[in-house]
Amino acid sequence: MSQVVFVLTPQVHLLDLAGPAQVFSSAPGYHLRYVAEASPVPTWQGVGLQADLDWPALTPGDLVLVPGWRDGHGYFAPETLERIAAHHAAGGTVASVCAGADALGRAGLLDGRRCTTHHDLQDRLARRHPAATVVRDVLYVVDDRVVTSAGIASGIDLALHLVALRHGPAVAARVAREMVVYARRNGDERQHSAMLRHRAHLSDVVHRVQDRIDAAFAEPLRLADLAAGAGVSERTLTRLFTAATGRTPLRYQQVLRVERAEYLIGHGSTMEAAARAVGFGDARMLRRLRARTL
């Protein structure tokens, strides 16, 4: 089980903390810890938070995350910044939400890296850390195990992305659906995974059918069976599915197959072997689908 260690400062924003904490507590394999230089920790919203004063022992598989705070507040002693930097130096991942990026900058982790923060704080971050490249108006940025996100709710996007990297997009999509949020990725690039790209809807029927397709996309799946499993007619399923995702169930399954095949090919598999691994009889259909804009 991996640890997610939230490093808290006075006047921390509740949602900067609660959003990612909800994601990781809903995903498998995480133990959440909260550390601070003094406890209780006052939040900007007026709720006091209990936190440990001693840091747990960390491994490279753990995540250290710094939630943001009210502009003009927030402070970490040099010893705390050194702990954050040491975790990254040991191979771990560090992340921030909103103003928390400044702490990563003061820890020396933004120099020579791309990063982002809340749009109101981007100019200030660029002035304070001129060796960093501040990327504007995106949800989050990943650069060499340093993950920074924009304001407030984007911490949820950051956390979902990290869950998808470790457990796969289907798990991240399930967590997002439980939280009734969009399973979305970085705002400055195309969402590469169809499992996330076509989950930005609230149709429970379609989500349940997607769950079944996601789990068995390499197998033959009859529309009649998918519809029966969802308790609707074939015609109704096709209508609902197309309205929610822009694709029919069959087309969605093909997209998943092609994306998986491309991953296998990129990791040394032959076209023929990749095609068979994802459920095609041979490479001809895979070649035709790859030639399309899926």
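Residues are numbered from 1 along each chain as its sequence is written, and side-chain values use heavy atoms, with hydrogens and water left out. Because the model is predicted, local features need pLDDT of at least 70 and side-chain atom pairs count only at pLDDT 80 or more, while totals for chains, interfaces and linings use all residues.

Helix α2 covers residues 78-89. Helices (H or I, at least four residues) and strands (E, at least two) are DSSP runs, numbered from the N terminus. At 1.5 Å a residue, the 12 residues of α2 should span 16 Å. The expected span is 1.5 Å times one less than the number of residues. The end C-alpha atoms of α2 are 16 Å apart, which agrees.

The buried residues of α2 are Thr-80, Leu-81, Ile-84, His-87 and His-88. Buried means under 20% relative accessible area, exposed over 50%, and partly exposed in between (1.4 Å probe, protein chains only). Seen down the helix axis, the buried residues of α2 fall within an arc of 120°, so they line one face. The arc is that of the directions from the helix axis to the C-beta atoms. The face turned away from this buried side carries the exposed residues Glu-79, Glu-82 and Ala-89. The cover over the buried residues of α2 includes strands β1 (2-8), β5 (63-66), β6 (93-97) and β10 (146-149), together with helix α3 (100-106). Gly-91 follows α2 and has a positive phi, near 105°.

Charged pairs were examined next. Side chains of opposite charge can pair when their charged atoms come close. A search of the whole structure finds 12 salt bridges. A salt bridge is a side-chain nitrogen of Lys or Arg within 4 Å of a carboxyl oxygen of Asp or Glu.

Two of these pairs involve helix α6 (residues 169-179). Arg-174 pairs with Glu-178, with the closest N and O atoms 2.9 Å apart. The two residues lie 4 residues apart in α6, so about one helical turn separates them. Arg-174 is partly exposed, at 28% relative accessible area. Arg-177 forms a salt bridge with Asp-211 at 2.8 Å, N to O. This pair links distant parts of the chain, 34 residues apart: Arg-177 is in α6 and Asp-211 in helix α8 (residues 204-215). Arg-177 is partly exposed at 23%, and Asp-211 is partly exposed at 29%.

Arg-222 and Asp-225 form a further salt bridge, the closest N and O atoms being 3.0 Å apart. Arg-222 is exposed, at 52% relative accessibility, whereas Asp-225 is partly exposed, at 33%. Salt bridges that share partners also join Asp-102, Arg-106 and Arg-128 into one network. Asp-102 lies in helix α3. Asp-102 is buried, with a relative accessible area of 9%. Leaving aside residues up to four places away in sequence, Asp-102 touches Trp-69, Leu-125, Arg-128 and His-129. Contact means heavy atoms within 4.5 Å.

A cis peptide bond joins Ser-39 and Pro-40, with omega about 5°. Pro-40 sits in the loop between β2 (30-36) and β3 (41-42). Cys-98, a residue other than glycine, has a positive phi near 55°. Cys-98 is in the loop between β6 and α3 and is buried, at 5% relative accessibility. Asp-144 also has a positive phi near 55°. Asp-144 is placed in the loop between β9 (140-143) and β10 and is partly exposed, at 43%.
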